[in-house]
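This briefing sets out selected structural features of the protein chain shown below. The points are grouped by topic.

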Amino acid sequence: MTVSFGHGIAVTPLHVATALSATVNGGLYRSATLLPVLGDKGSAGARRVMSEDTSMLMRGLLRLVVETGTG
């Protein structure tokens, strides 16, 4: 509906979950998979997409939304 005036965006739930996991996981992006990743193998495939400080700040903001709500 909003694409007609240029403000539309569409993402899948998997994309949202992957983005949020990178945001709260210290800024490290890992591809989504249904297979278990054991030990340090998960760290090898990780790619930094934001700094740890930014990730910590975002974690705090997400926690505040849950604890105190938002307008």
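The protein chain exposes about 6,000 Å², and carbon and sulfur atoms supply 65% of that area. The model is a predicted one. Buried residues make up 10% of the 71 residues in the chain.

**Overall architecture**

- The secondary structure of the protein chain consists of three helices and two strands.
- Along the sequence, these elements follow the pattern α-β-α-β-α.
- Of the contacts between residues at least 6 apart in sequence, 41% join residues at least 24 apart.

- Helix α1 covers residues 13–24.
- With 12 residues at 1.5 Å a residue, α1 should span 16 Å, and the distance of 17 Å between its end C-alpha atoms agrees with this expectation.
- The buried residues of α1 are T18, A22 and T23. They lie on the same side of α1, because they cover an arc of only 140° around the axis.
- As background, an α-helix has 3.6 residues a turn, so residues three or four places apart point the same way.
- The packing partners of the buried residues of α1 are β1 (28–29) and α3.
- Just after α1, G26 adopts a positive phi of about 75°.

- T18 is located in helix α1 and has a relative accessibility of 14%; because buried means under 20%, T18 counts as buried.
- A polar atom of the T18 side chain lies 2.8 Å from the backbone oxygen of L14.
- Apart from its neighbours within four places in sequence, T18 is in contact with Y29, R30 and A32.
- H15 also has its place in helix α1, but its relative accessibility of 51% makes H15 count as exposed.
- The side chain of H15 makes a polar contact of 2.7 Å with the side chain of T12.
- The C-alpha atoms of H15 and A32 are 8.9 Å apart in space, with a separation of 17 residues in sequence.

- S31 is placed in the loop between β1 and α2 (41–44).
- With a relative accessibility of 53%, S31 counts as exposed; the cut-off for this class is over 50%.
- S31 and T18 are 13 residues apart in sequence, and their C-alpha atoms are 7.4 Å apart in space.

**S55 in helix α3**

- S55 belongs to helix α3, which comprises residues 52–68.
- The relative accessibility of S55 is 0%, and S55 therefore counts as buried.
- Leaving aside neighbours within four places in sequence, the contacts of S55 are T23, V24, N25, G26, G27 and M50. Among them, T23 is one of the buried residues of α1.

- Which elements do the buried residues of α1 pack against? They pack against β1 and α3.
- Is S55 buried or exposed? S55 is buried, because its relative accessibility is 0%.

Key:
Residues numbered from 1 in each chain as written. Predicted model: local features only at pLDDT ≥ 70, side-chain atom pairs only at ≥ 80, totals over all residues. Heavy atoms only, no water. Helix = DSSP H or I, 4+ residues; strand = E, 2+ residues; numbered from the N terminus. Buried < 20%, exposed > 50% of the residue type's maximum accessible area, 1.4 Å probe, protein only. Contact = heavy atoms within 4.5 Å. Polar contact = N/O pair within 3.5 Å; in protein donor to acceptor, adjacent residues only side chain to side chain. Expected span 1.5 Å × (residues − 1). Arc of directions from axis to C-beta. Areas by Shrake-Rupley, 256 points an atom, 1.4 Å probe, with all protein chains shown as cover.
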